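Colleague: I am new to this structure. Please take a close look at one part of it: the contacts between charged and aromatic side chains.

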Amino acid sequence: MTLDLRTRWIPVQVEFDRFAALSGDDNPIHVDPLFSKQGGFGRTAAHGMLIYARLWAMLQGENPALRHLRQSIMFPNPAFAGEPLDLIVTGDAPGEVTMRALRVADGAAVFLGVVEVPC
């Protein structure tokens, strides 16, 4: 199956908070607006794996039976609550699938990944 999936997502703080509770990653850069305002990015930033989970959900929406064999992912720039992201999944399943999340405001990549999906 050839994939070209695209959607726009606006992450919100409650999603960061829920992901922190679920994953145990309660780093204040993700969940504490006051801490984040005083340093780092000046505001809370999304968990990279939350973005990956959204992208993976897009792929599984096409075929819930899909699994990944391996992945290579990176988070080159932060994503912030309230700022829209374009989520893009392209490639072939089975095969290699490319996943990207780009900030709409400036086109900066906040997630880049390649996932191998077996038959």
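Modeller: A salt bridge is a side-chain nitrogen of Lys or Arg within 4 Å of a carboxyl oxygen of Asp or Glu. By that rule, the whole structure holds six salt bridges. This is a predicted model, where local features need pLDDT of at least 70, side-chain atom pairs count only at pLDDT 80 or more, and totals for chains, interfaces and linings use all residues. Residues are numbered from 1 along each chain as its sequence is written, and side-chain values use heavy atoms, with hydrogens and water left out.

Start with the charges. Side chains of opposite charge can pair when their charged atoms come close.

Another salt bridge joins Arg 8 and Asp 86, with N to O at 2.8 Å. Arg 8 lies in strand β1 (residues 2–9) and Asp 86 in strand β3 (residues 85–92), so this pair ties together parts that are 78 residues apart in sequence. Strands (E, at least two residues) and helices (H or I, at least four) are DSSP runs, numbered from the N terminus. Arg 8 is exposed, at 53% relative accessibility. Asp 86 has 23% and counts as partly exposed.

Next come Glu 116 and Arg 70, whose salt bridge spans 2.5 Å from N to O. Glu 116 belongs to strand β5 (residues 109–117) and Arg 70 to strand β2 (residues 70–74), so the link ties together parts 46 residues apart in sequence. Glu 116 is partly exposed, at 31% relative accessibility.

Now the rings. Rings of Phe, Tyr and Trp (its six-membered ring) pair if their centres lie within 6.5 Å; planes under 30 degrees apart count as stacked, over 60 as edge-to-face and the rest as tilted. The count is four aromatic pairs. Tyr 52 and Phe 111 have ring centres 5.9 Å apart and planes at 20°, so they are stacked. Tyr 52 sits in helix α4 (residues 48–62) and Phe 111 in strand β5, so this pair ties together parts 59 residues apart in sequence. Tyr 52 is buried at 7% relative accessibility. Phe 111 is buried too, at 0%. Ring pairs link Tyr 52, Trp 56, Phe 75 and Phe 111 into a cluster.

Finally, a charge meets a ring. The charged end of Arg 43 sits over the ring of Phe 80, 3.8 Å from its centre (the rule asks for NZ of Lys or CZ of Arg within 6 Å of the ring centre and within 35 degrees of the ring normal).

Notes:
Buried means under 20% relative accessible area, exposed over 50%, partly exposed in between (1.4 Å probe, protein chains only).
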